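Visitor: Please take me close to a single part of this protein. I would like to see what sits there and what lies around that spot.

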Amino acid sequence: MRNYYSADAIRAAEAPLLALQPEGTLMRRAAYGLAGVVAAELRRRTGGIAGRTICAVVGSGDNGGDALWAATFLRRRGVHASAVLLAPDRTHRRALAAFRKAGGRIGETIPATTDLVIDGVVGISGRGALRPHAAAVFAAAGAPVVAVDLPSGIDVHTGAAEGAHVTAAVTVTFGGLKPVHALADCGRVELVDIGLDLPTSDIIGLDAADIADCWPVPGPHDDKYSQGVTGVMAGSATYPGAAILCTGAAVAATSGMVRYAGTAAAEVVSHWPEVIATSDRESAGRVQAWVVGPGLGTDESAAEALRWALQTDLPVLVDADALTLLAAAPELVADRHAPTVLTPHAGEFARLAGAPPGTDRVADTRGLADRLGVTVLLKGNVTVIADSGSNTVYLNPAGQSWAATAGSGDVLSGVIGALLAAGVPAGLAAAAGAFVHARAAHAAAEDPGPAPAPTSAAPILAHLRAALGSVL
C-alpha cells in the first residue's frame, strides 16, 4: 500500500529528528540518497558517472540545499558539476560552501554539455508556477531533469500545474510520498528513506499485494451463491453492446453467478451462456448487488429501473445513463443505508455536482461523496475514489490513458459490481476494480506486440482475467 502525505505531515515527522540530530544531518542524509539516484540515472543513460556533467538549478529553500549537497557528493566522485543560483543571497550557506570547496562551478545558465539537470528550485512548501527567470533557465535546458521532492511549479497537494513548470524524467522524494506523485506527471518516482516515523495516511494507493488480499477467492466450502450473485441492468435496443461488456466483466471478475435483466437478454446470452438472463427485473432472481446504467437510456423505463434498484437494501453501482437520471433526482440516494457507488467521468460529475471537477480533484470528489452520502469514483488518468463519512481517499494512477475509450467504463462497472456482490466494502471495491481495469487496459494496448497501440473496450474485457491472474 502506498501512503500519500501532506506537507504538514512530513514536516511534523521531521521535527523530532531535526531536534535530536546535529544541524544539517537530515539534509545531508536526503542529499546522499538523491546523489545515489542521480548516479544511477547517469549510468543508465550514459554508461558511467566519472567525467559526466550535471547542473543543479537552486532555489532559496531546503530543496536547493539538497541539490547542492547532492552535486557536492557527485563532484567528489568525479562528476563535473555546476549550479545556477536563482536566489544568490538566500542560497543554503553551508551547502554552497561545500559545493564550491569540492570544485563546483557557478553559472548563469545550464551548460550545453550537461547530461542531467537537478531541479532544486522549490520544495513541498512551494506554490504557483515557476517565475520567469526559472522558467527561462529550464526552457533552455537540453538535458533530462531529476526533480527534488517534486517538479517545481506543480502543486504538492493537487498535482495542478497552472503555468510554467518543470517536466521531470525522475523525481526523488524523501520520507514519504506526497499526493503530487500520484496526481501529476513526475516521471519515475524514487522514495528515499530518511528515517521518518509516519502513520498511515488518509490518501492511499493500492498495489498488487493489496488487490490479492482483498479480492474474493473461492474457498473449499464456497458455492456459486456464497461467492456473490451480481445483477446487471444495462443496455437497450440502441446500445446492446453496453450490456454485453458490463455483464461480461462481471462474469470475468467473479466465480459466482451473474444475472442480467433487460432488453439485451438474447445478445448477452449469445456472448455469455453462463449468465442467467431475463427481460424483466422482477423475474431475475436473487442477487447481492445491482449494476445499473451502462447503455440503459434515460427514458421512463430506465428511470424506473434505477428507482427500483435504489429502493432495495442491496449495494448498487450507478453508472453512465443512470448517473444522468440521478443528477435530476438526487433524492433517490438521500436515505440509502446500503452501499451506493457512483462512477462519473468529468462531464457526469459536473451534472451531479453542478460544476466540473477543478484543480483539486481529491477535495471535489470528497465533497460530492459527502453531499450525496455515497462512494464516488471520479474517472481519469488518475482515478480518485472517496467514501462518504470517511477521510480515506484512494488514488489509482493508470500511468497512461489506454482505458479512455468507448465502452471501457461499462467494463469497469461490471468488475466493481461483482466485488460489491461478494461483500467487498464500497470504497475498496471501487479502488480494486480500478486497479485491475487499468492493468487490463495496459495489457490490451501491448497486445500483440511490445509497442503499445490504441485499444478498445472489447480487448480490455478480454484481458481482464489475465490481468487479475497476474495479481492473484
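Guide: Start with two side chains, K379 and D319. A polar contact of 3.3 Å joins them. (Such a contact is a pair of N or O atoms within 3.5 Å; within protein, one must be able to donate a hydrogen and the other to accept it, and residues adjacent in sequence count only if both atoms are side-chain atoms.) This is a predicted model, where local features need pLDDT of at least 70 and side-chain atom pairs count only at pLDDT 80 or more, while totals for chains, interfaces and linings use all residues. Residues are numbered from 1 along each chain as its sequence is written, and side-chain values use heavy atoms, without hydrogens or water.

Now find K379 on the chain. K379 sits in the loop that links β16 (375-378) to β17 (382-387). Leaving out residues up to four places away in sequence, K379 touches D319, T343, P344, H345, R361, G409 and L412. (Touching means heavy atoms within 4.5 Å.)

The unreviewed UniProt entry annotates K379, G380, N381, V382, T383 and G409 as "binding site". (Such annotations may be inferred rather than shown by experiment.) These residues are spread over 31 residues of sequence, yet they cluster in space. Their largest C-alpha distance is 14.2 Å.

Stay with that annotated group and move to N381. The loop between β16 and β17 holds N381 too. How open is N381? N381 counts as partly exposed because its relative accessible area is 34%.

Step back for the wider setting. The chain is divided into domain 1 (2-201) and domain 2 (208-470). (The bounds come from an automatic or database domain assignment.) The C-alpha centres of the two domains lie 41 Å apart. The domains do meet: seven residues of domain 1 are in contact with six residues of domain 2.

Then return to the loop. K379 and D319 are joined there by their side chains, and N381 lies in the loop between β16 and β17.

How values were computed. Helix = DSSP H or I, 4+ residues; strand = E, 2+ residues; numbered from the N terminus. Buried < 20%, exposed > 50% of the residue type's maximum accessible area, 1.4 Å probe, protein only.
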